[in-house]
Amino acid sequence: MSAIAYLDHNATTPLRPGAASAMRAALELAGNPSSVHRFGRVARNLVEQARDQVGELAGVSAARVTFTSGATEANALALHGAGRRALVSGIEHDSVLANAPNAERIAVDARGVVDLSDLERRLAENGQPALVAVMLANNETGVIQPLADVARIAHRHGAIVLCDAVQAAGRIAFNALDLGADLLTLSAHKLGGPQGVGALVNVSDVALQPLVCGGGQERGLRPGTENVAGIVGFGAAAQEARAGLSQAPALAAERDRLEGRIKAIARQAMVVGADAPRLPNTSCLVMPAVPAETQVMALDLDGVAISAGAACSSGRVRASHVLAAMGLGPDSARSAIRVSLGWNTAAADIDRFVDSWTRLWTRVGEPRAIGSAA
Ligand code: PMP
């Protein structure tokens, strides 16, 4: 059994070996992709090869891919760059919510699925050209959203669709055109590439203003010398992740085994979003009566890495807006943990998690749950 069970792939996924070696080779190169000489041409070719690889993962041509510093920047570029009134689902990532502070929030149901009739009503009420932001899969629960239906409704009302596909990419197969997304965002480090690189995919030629001015890189939409090694790592990871999609059913089986064992041990344990279609790798579990931070720390001491609901920023755990939008009470939300599997997860990692969780449950959870029922 490995010394550590890393089960926090939704926070960041370990670098895939192919991405690491491609990046090492790229770091040895001197060229600026904008230079005309041979060094520049080599760097340019690497960037363009990565653009092909990322385009293939999203099912679009390379010309539609703009590299950014990550999905936070890609979401900001889409929301500010399109300059439209925004409607966002209540379960979007902070990088969407914070870049659209005046946006209307589209409701989600108790399963964590966006409410299509609420979307329809809001679009019908206000005639202004809108941008509708709905993610493909949620980072906390893994719940997959009905993007094609969202797009059909949005387009009927003259709105465009921004789809944050960060957590879905490399975990489920999809095609930006079939989804009906006009803009789609990706992050390298959630699919086995490096941190600090992402992409905005402009599927349907949406007119966009850049966030920063400078040189003409990325067609002027994202000026600045390219992060060549990061982009190369992104491309290699995208290719490996695409090839690894066939392993999704096996991953889902491991995730189901994990949830089955937890529910067999603790009758009170709840799987959030279990009634909706979900990513194969994500499990959001509520262990009643035990705060999420207590669980994260206890599991960490046993060498098991998971997270409390949403990944905390700067070590600060906030109440989850996702779980609140689903109508989960504050007590349950405070006890929610997220276990997320990935390309290097072994059955032994799941066993290690279940063993550690069981020890905590019998020591703290079960006595408290019995106490609170009395
Ligand atoms: N969207 C979602 C759904 C995410 O999970 C994340 C990362 N937590 C982001 C956007 C932001 O991506 P990045 O870390 O590349 O800025």
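How many residues surround the ligand, and which are the closest? The ligand has 14 residues around it, with Thr72, Asp164, Gln167, Ser187 and Lys190 the closest; a residue counts if one of its heavy atoms lies within 4 Å. This is a predicted model, in which local features need pLDDT of at least 70 and side-chain atom pairs count only at pLDDT 80 or more, while totals for chains, interfaces and linings use all residues. Residues are numbered from 1 along each chain as its sequence is written, and side-chain values use heavy atoms, with hydrogens and water left out.

**Ligand shell**
- Helix α3 gives the most to the shell, with three residues; helices are DSSP runs of H or I with at least four residues, numbered from the N terminus.
- By class, the shell has three nonpolar, nine polar and two charged residues.

**Polar contacts (pairs of N or O atoms within 3.5 Å)**
- A polar backbone atom of Ala71 is 2.9 Å from an oxygen atom of the ligand.
- For the side chain of Gln167, an N or O atom is 2.8 Å from an oxygen atom of the ligand.
- Ser187 places a polar side-chain atom 2.7 Å from an oxygen atom of the ligand.
- The protein buries 86% of the 400 Å² that the ligand exposes when taken alone (Shrake-Rupley method, 1.4 Å probe).

**Helix α3**
- Residues 71-82 form α3, which reaches 16 Å from its first C-alpha to its last.
- Ten of its twelve residues are buried, so α3 is largely enclosed by the rest of the structure; buried means under 20% relative accessible area (1.4 Å probe, protein chains only).
- Among the buried residues are Ala71, Glu73 and Asn75.

How values were computed
Helix = DSSP H or I, 4+ residues; strand = E, 2+ residues; numbered from the N terminus. Expected span 1.5 Å × (residues − 1). Buried < 20%, exposed > 50% of the residue type's maximum accessible area, 1.4 Å probe, protein only. Polar contact = N/O pair within 3.5 Å; in protein donor to acceptor, adjacent residues only side chain to side chain. Nonpolar A, V, L, I, M, F, W, Y, C, P; charged D, E, K, R; others polar.
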